Amino acid sequence: MKVWLIQSYFIFFSLFFNKTTCALTQSSCPHDQSLALTQFYNSFSFFCAWTGGSTAKAMSWQEGTNCCLWDGVKCDAETGNVIGLDLSWSCLVGSIPSNSTLFLLRHLRRLNLAYNDFSMSPIASQFGELTSLTHLNISLSGFAGKIPPEFSHLSKLVSLDLSYNPYLMFEGHVFGNLTQLSHLILSDVNMSLVEPASFLNMSSYITTLIIGDDGLHGMFPEDVFHLPYLEAFCCSSSHLKIKFPTTNWSSPLKSLQVKNSYVQELPDSIGNLRSLEVLDLSYSNLRGSIPASFANLTQLKYLDLHSNSLTGPILSSFSHFKHLTYLDLSENNLVGQISDTVGNLTNLVHLSLSLNNLSGLLPVSALNLPQVQFVDLSGNELVGPLPCRVSGLSLLAELYLDDNFLSGRVPSWLFSLPSLAVLSLHNNRLTGFIHQFDKVAPLKSVDLSNNEIEGPIPVSCFQLVNLTDLDLSSNNLSGSFELDNLSNLSTLESLDLSNNPLLSFTSVSNGNYYLPHLFGLNLSYCNASEFPNFVRNLAGLTDLDLSYNRIRVIEADMFVKLKNLESLDLSHNKPLSLSNKNNLTLVLPYLHTLSLSSCNITEFSNFLTTQKGLADLDLSMNLLKVVEYSSWKNLIVLNLGSNLLEGPLLAPPPSTSILLISKNRLTGEIPSSICNLEKDTVLDLSHNNLSGAIPRCLGMRNIVVLDLQMNHFHGNIPDFCVKGSHGLQTLSLNNNELDGTLPKSLANCFDLEVLNLGNNKINDTFPHWLGILPRLRVLVLRSNYFHGQLIHSENGSHFLTLQILDLSRNEFSGFLPITYFTSLKGMMNLAEVQMGYIGDDYGSNYRDSMVVTMKGVDFELERILTIFATLDMSSNKFEGTIPKTVGNLVSLQVLNLSHNHLTGHIPSSLGKVAALESLDLSCNKLVGEIPSQLTGLNFLEALNLSENHLVGLIPQGKQFNNFLNDSYTGNSGLCGFPVSKGCGHSVQPPATFDEQEADSDSTFEWDWKFVMMGYGCGMVFGFSAGYIMMTIRKPKWLVGMIQRAGNKVVRRFNKYR
């Protein structure tokens, strides 16, 4: 049920339907009407469980008494006729047939049957005989089928509520004769057969119109907003397009709520709605800036524009909205500072400006609002310290300032606010000690993670007895952490102290206390040398992380009380011994995830083999030589990568869907039993000594990832994506001995994103037919025997999503493909792509990798950024000129056309490839001068133009000032720095810089170090990060940006391009 629509219902509908139906004692209802009511009541059964404790009103009716005194019945004061019947929330179960005695009550004016269960029965046409009705409410009553056309007979109807009957079919013809209708509520009613234009047939007296996400689609008529009495319009329909009037929009509207619709434009004319009190346009695809005319909306109490694409600053005129209690502008692209005039909004209860691009100092006035209960300024670029003291905030319950660049200390007043329950300051630059505090807030959740907070954890933190979640991870905390203090936090559910290597743990009581509600404990990377004793008693614990410590021994009896444990991470404790001195047969019945990665384990322990319920087991980076799967029948994820496993590959249990066993010493062929694994399989057997042919049955399984690179497989590549198995996303067969041609069945792999066939013996022409694949992002054919020209597909599909193409070290010939350079959209629009890693769909279990060539050296990228683009066509037999259209590939970061037979000039259009970081055109027959436009490539880190026939002065400036002689060798006609040949009378000296340029160059040097750091986790990460960093000249900003990642990173990337 949509809460905002329900709220709207109660705000507007209750004004016109009075549920208080006490009758006047002097009236006496006619016997026939009393009998009709009794028979109507007796036609139902009653079920009150779902009504939240309500009782059936009709159960209090007594035959033979005056029905005007019955609960829910109202009579005319003079005639005694029943004119009102309110049986809402009355537990009625059944149907209302056409012969129901309800239809004998011909004097009814108000009828409320809401919140009952009429068992999906149709609405009887006899409702149309109740022609005196002015108010009808059948919301949430379980009616189904079409609304009968006889409804149009209810010509006196003023208010109609059909809401929350999703199986009720509304049709536009109902509007026909309802000329007095002023309140129409249609939320969650099936309107798939309604033409939006039919709303123009509504009564001109409409004051309230509420419609929901109910199948209505198309363009909503703009003239509805010109209705002279319309005060409330609420709509939530994801398939509806709405355009507000741009001129002459003068209306008595008090509430305008349009959610999940396609509005796009917020016109200046909205400022004419001077009576507006509620404005909710969230999730409405709004673009552009907030109109200045908003300043006229001084009566606003509720303003929600979140989750749009609004740009520009927050209007200073917002501070004039003295009545405003709710303001949400979050998840937009707003920029600029938050004015201190926000403090003028003294009635504000809810303030959310999160996930924008707001900058500048944290506005102190926002933390002095007397009525505010909720403040969220997270996910921006706010700087500066938190104020040393605040006034007010006595009602503040939730404060979110995370994901900014706030600095300074954490003030103690944050822990003393009388109503504060949630405090989130993670991902900032907060430093210093946390001081002791006297008064204690009723805090339930505190997150100070990912800062630079120092010193010990103050003892007063353990006076926060209401805490359920405490996260102090990734700081510089030090000193002794007295574990016994945790006994005060009896409500604690989650504790994270990870990544504080200077923190030590002590316990006087030896851990003899119990935290009954604690289910999550993370002490990873805390320099712990032994298993914390207090953990033994945490019987409710479900998640335990002790990874990256110095624990040497784990005894089975440490887990005797931890029967609820579901996830256990002991990885990166070297060497770790799993001991069972007391020969316990310990079974943790709920344990499904266990990580023992990088623990120097040499054999399976009894503790390991007895955990038969395991679903996710990580034993990677150990010293295992043999493996036996028989103990685990329910495994889904098994990671045995980077061990010393030898001999043939053993097929894991059939339940396994992710098998990672790369970087071992396995030999022999892949057993056919591997094809018995469950569907949607991720299979990584790379970096072994496996041989033989690739089993053909793999091509008929629904495999998502198949990585067989760096083995000794030979023969033809089998058919893939046959017999309905079209889910293949990654196929990495590089560095084997495969030959023959490519199977045409690969064109059926519509989900394929990565195809790496490099370093084999494949003899074929260019597979242009792969251009139809709608998701292909990486195509690597390097070091094979591909030959011929790069012809394009006749169907017009030219690799529209491809962002990495490596055709190097083959025998391709002919001209460079102009058609592809104009259609490779994936190399043109990466600024719009969400930053992440290719293969993130597989979670943390598998990452796509590849090799990229830089200055003739191959670097392995262990992870591939989604915003990385490279084109490598080097070491072939291409001829002719470099097309100017290569300048269209503006998102390229690496371009390598070296070692071909290219002629002509270097196109100046390369200067438009703004993201370019590596350019190699060496060993060709290029002539002419080096285009000066290339000096505009601000992020060019590697340049190789050697062994050509270039002439003239080498351009100077920016990155070109850093390239050495080896970038230009073999071009006898070049002169100027850095080659020895001078131009004119003397050798041109190196370019000089002023102080500002020197500082800039220093920044550049730091950036390049950062780029090189990228080698460890994928060099291209460094390239891309360096690109963004150089653009904005703020390395600290970049760090925070990377932490937030996701769409915010892309937004910044696009903004500063």
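Over residues 986-1057 the pLDDT stays under 50, and the model has 137 contacts for this stretch beyond four places in sequence. Here pLDDT is the predictor's confidence in each residue, from 0 to 100, and a contact means heavy atoms within 4.5 Å. The structure is a predicted model, in which local features need pLDDT of at least 70, side-chain atom pairs count only at pLDDT 80 or more, and totals for chains, interfaces and linings use all residues. Residues are numbered from 1 along each chain as its sequence is written, and side-chain values use heavy atoms, with hydrogens and water left out.

The mean pLDDT of the protein is 86, and 89% of its residues reach 70 or more. Residues 1-25 have a pLDDT below 50, and this stretch has 59 contacts in the model beyond near neighbours in sequence.

The protein has eight helices and 70 strands. Of the 1057 residues, 57% count as buried, where buried means under 20% relative accessible area, exposed means over 50%, and partly exposed lies in between (1.4 Å probe, protein chains only). The accessible surface of the protein comes to about 41300 Å², and carbon and sulfur atoms contribute 52% of that area. These areas come from the Shrake-Rupley method with a 1.4 Å probe, and for residues only the protein chains shown count as cover. Among contacts in the protein with a separation of 6 or more, 53% are between residues 24 or more positions apart.

Six strands form one of them, in the order β45-β47-β49-β51-β53-β55, with parallel pairing. Its edge strands are β45 (646-647) and β55 (761-762), each of which pairs on one side only. Two strands are taken to pair if DSSP finds at least two bridges between them. Within this sheet, β49 (residues 689-692) and β51 (residues 712-716) pair in the parallel sense over two bridges, and Gly692 stands opposite Phe713 in β51. Strand β51 also runs parallel to β53 (residues 737-740), to which three bridges join it; in this pair Gly715 is opposite Leu738 in β53. The pairing of β53 with β55 is likewise parallel, over two bridges, and Asp739 stands opposite Lys761 in β55.

The other open sheet has three strands in the order β7-β9-β11, again with parallel pairing. Strands β7 (145-146) and β11 (189-190) stand at its edges with a single partner strand each, so one side of each is left without a neighbour in the sheet. Two bridges link β7 and β9 (residues 165-169) in the parallel sense, and Gly145 is placed opposite Leu168 in β9.

Leu401 is located in the loop between β27 (398-400) and β28 (405-408). This leucine is buried, with a relative accessible area of 0%. Leaving aside neighbours within four places in sequence, Leu401 is in contact with Leu362, Leu377, Ser378, Leu386, Leu406, Ser424, Leu425 and Asn428. The C-alpha atoms of Leu401 and Leu423 are separated by 8.2 Å, the two residues being 22 residues apart along the chain.

Cys91, in the loop between β3 (82-86) and β4 (92-93), has a phi near 65°, a positive value in a residue other than glycine. The relative accessibility of Cys91 is 0%, so this residue counts as buried. Ser474 lies in the loop between β33 (469-471) and β34 (476-482). The phi of Ser474 is also positive, near 55°, and this residue too is other than glycine. With a relative accessible area of 18%, Ser474 is buried.

One joins Lys574 and Pro575, with omega about -20°; Pro575 is found in the loop between β40 (567-569) and β41 (577-579). Another runs from Phe977 to Pro978, with omega near 10°, and Pro978 is in the loop between β70 (973-975) and α5 (995-1013).

Technical notes:
Helices (H or I, at least four residues) and strands (E, at least two) are DSSP runs, numbered from the N terminus.
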